[in-house]
Amino acid sequence: MKRFYFFAAAIVVAVLVSSCAKTPEEQIEQAGAALGAAEAADAQRYAPDAWSRARESMDRLNAELSAQEEKFRLFRNFKAAETLADEVVAAANQARAEAENKKAQLRAEITKMIADVKGSLQSARNQLSGLTAAAALSTVSLRSKLDEAGRLLDK
């Protein structure tokens with residue numbers, strides 16, 4: 001009878017040990033990759049609020065993982081870590097998207113500004129060509145400066 005109890009206890013222990021919670025490695029890797037993509041998109045510069053939320057979510061995930069690792073193996077539960085990893089992915093993707101949108105908006109604004117300046121340069125050139133021959137002597141240096149400004153703008 002003692003052997004039966006020993007055998008039953010061994011089976012119960014084996015089942016408990018094999019059913020221990022496992023670290024959600026795949027979700028943690030996805031969270032890290034999403035955060036890396038947001039960083040590569042310069043989210044900290046172009047979407048600082050969203051970037052902060054993503055970093056805070058990652059910090060909470062790391063704290064939860066540390067707390068679970070400190071527990072006895074049978075008492076670990078990684079459900080909260082899985083949820084936090086999903087939050088990190090969502091926040092990092094939002095930060096990346098906001099950064100890309102902001103960069104596209106700035107690119108469009110700069111392109112418009114350059115077109116406006118080129119238009120102003122052309123207008124100034126046209127006005128210089130309409131001046132009389134007497135005024136043309138003083139406009140030669142002005143025309144060369146406008147041309148130089150146009151070349152710099154093209155660069």
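Reply: Phe75 is found in the loop between α4 (48-70) and α5 (79-129), where helices are DSSP runs of H or I with at least four residues, numbered from the N terminus. The model is a predicted one, in which local features need pLDDT of at least 70 and side-chain atom pairs count only at pLDDT 80 or more, while totals for chains, interfaces and linings use all residues. Residues are numbered from 1 along each chain as its sequence is written, and side-chain values use heavy atoms, with hydrogens and water left out.

With a relative accessible area of 60%, Phe75 is exposed; the word exposed means over 50%, buried means under 20%, and partly exposed lies in between, using a 1.4 Å probe and protein chains only. Together with Phe72 and Leu74, Phe75 forms a nonpolar patch on the surface, and the accessible area of these residues together is about 350 Å². A patch of this kind takes residues with over 30% relative accessible area and no salt bridge, joining nonpolar side chains (Val, Leu, Ile, Met, Phe, Trp, Tyr) within 5 Å, whereas like charges are joined within 9 Å. The areas come from the Shrake-Rupley method with a 1.4 Å probe, and for residues only the protein chains shown count as cover.

Glu69 and Arg76 meet through their side chains in a salt bridge, at 3.5 Å from N to O, the term meaning a side-chain nitrogen of Lys or Arg within 4 Å of a carboxyl oxygen of Asp or Glu. The whole structure holds 6 salt bridges, and one of them joins Asp59 to Arg55, with the closest N and O atoms 3.5 Å apart. Both Asp59 and Arg55 lie in helix α4, 4 residues apart, which is about one turn of the helix.

Beyond its neighbours within four places in sequence, Leu35 is in contact (heavy atoms within 4.5 Å) with Trp51, Ala54, Arg55, Met58 and Ala92.

Definitions and conventions:
Helices (H or I, at least four residues) and strands (E, at least two) are DSSP runs, numbered from the N terminus.
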